[in-house]
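Hello,

Here is the structure you will be working with. Please open it first, then read my notes below.

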Amino acid sequence: MRDDSARWDPPGPLSFASDALTLREVALPRQVTISGIGVLNRFADTLIGWPDIASTETYALSLRRDRVLYVGEPGLSSGYDPESGLGVTDMADGYRVLDLSGPGALEALRRGAELSLDRPSRSVLRRVFGLDLLLYRVGDGQSFRLHVERAFAQALAAHLRH
């Protein structure tokens, strides 16, 4: 069998720092998708959309009208719960989570997508550099948190680095 491993660059580090940008990987507590009718109402007190700021350690990211990504422990077991009508899937291995900060953070993201802090959306789903991300603000509102599918984390880091 032919070995084509030399055709691809080895994975590099995701984190980097410059004068205008800092990208670092973040370890979050449990991440689960929760799907079902009325899920947005159930987590309304912690629901984050664009360009909301996540200011607590546990919160729900609005993905669509029947699905959230909950960061923290939602008090639900994985699988389908017939009592609540919700399906819960552990996403710990599905996403890598990165924080982007610095004075050039928003401009770096705008190179890959049309983003405006003045145009709110219920969903945090965004396509940036052709990659589907969950994007929202954290901390003081000048930093951004990005959940990217594990397989695309290197590509995202490369786009942001250049």
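Ile 48 has Leu 61 in β6 as its bridge partner. This is a predicted model, in which local features need pLDDT of at least 70, side-chain atom pairs count only at pLDDT 80 or more, and totals for chains, interfaces and linings use all residues. Residues are numbered from 1 along each chain as its sequence is written, and side-chain values use heavy atoms, with hydrogens and water left out.

Back to the strands. β4 and β6 pair in the parallel sense, over two bridges. (Two strands pair if DSSP finds at least two bridges between them.) Both belong to an open sheet of six strands, ordered β4-β6-β7-β3-β9-β8, with mixed pairing. β4 and β8 (79-81) are the edge strands, each pairing on one side only.

The protein chain has three helices and 13 strands in total. Helices (H or I, at least four residues) and strands (E, at least two) are DSSP runs, numbered from the N terminus. The radius of gyration, taken over C-alpha atoms, is 17 Å.

Next, the inside. Buried residues (under 20% relative accessible area, with a 1.4 Å probe and protein chains only) make up 44% of the 162 residues. Take the contacts (heavy atoms within 4.5 Å) with a separation of 6 or more: 69% of them join residues 24 or more positions apart.

Now the aromatic rings. A pair of aromatic rings is described by the distance of the centres and the angle of the planes. Rings of Phe, Tyr and Trp (its six-membered ring) pair if their centres lie within 6.5 Å; planes under 30 degrees apart count as stacked, over 60 as edge-to-face and the rest as tilted. How many aromatic pairs does a search of the whole structure find? It finds three.

One of them is Trp 50 with Phe 144, stacked at 6.3 Å centre to centre and 25° between the planes. Trp 50 sits in the loop between β4 (47-48) and β5 (53-54), and Phe 144 in strand β13 (residues 143-149), so this pair ties together parts 94 residues apart in sequence. Trp 50 is buried, at 2% relative accessibility. Phe 144 is buried too, with a relative accessible area of 2%.

Tyr 59 and Tyr 136 form an edge-to-face pair, because their ring centres are 5.6 Å apart and their planes lie at 65°. Tyr 59 is in strand β6 (residues 59-64) and Tyr 136 in strand β12 (residues 131-138), so the pair links parts 77 residues apart in sequence. Both tyrosines, Tyr 59 and Tyr 136, are buried.

Best wishes

Conventions
Buried means under 20% relative accessible area, exposed over 50%, partly exposed in between (1.4 Å probe, protein chains only). The radius of gyration is taken over C-alpha atoms; the globule rule is 2.2 Å times the number of residues to the power 0.38.
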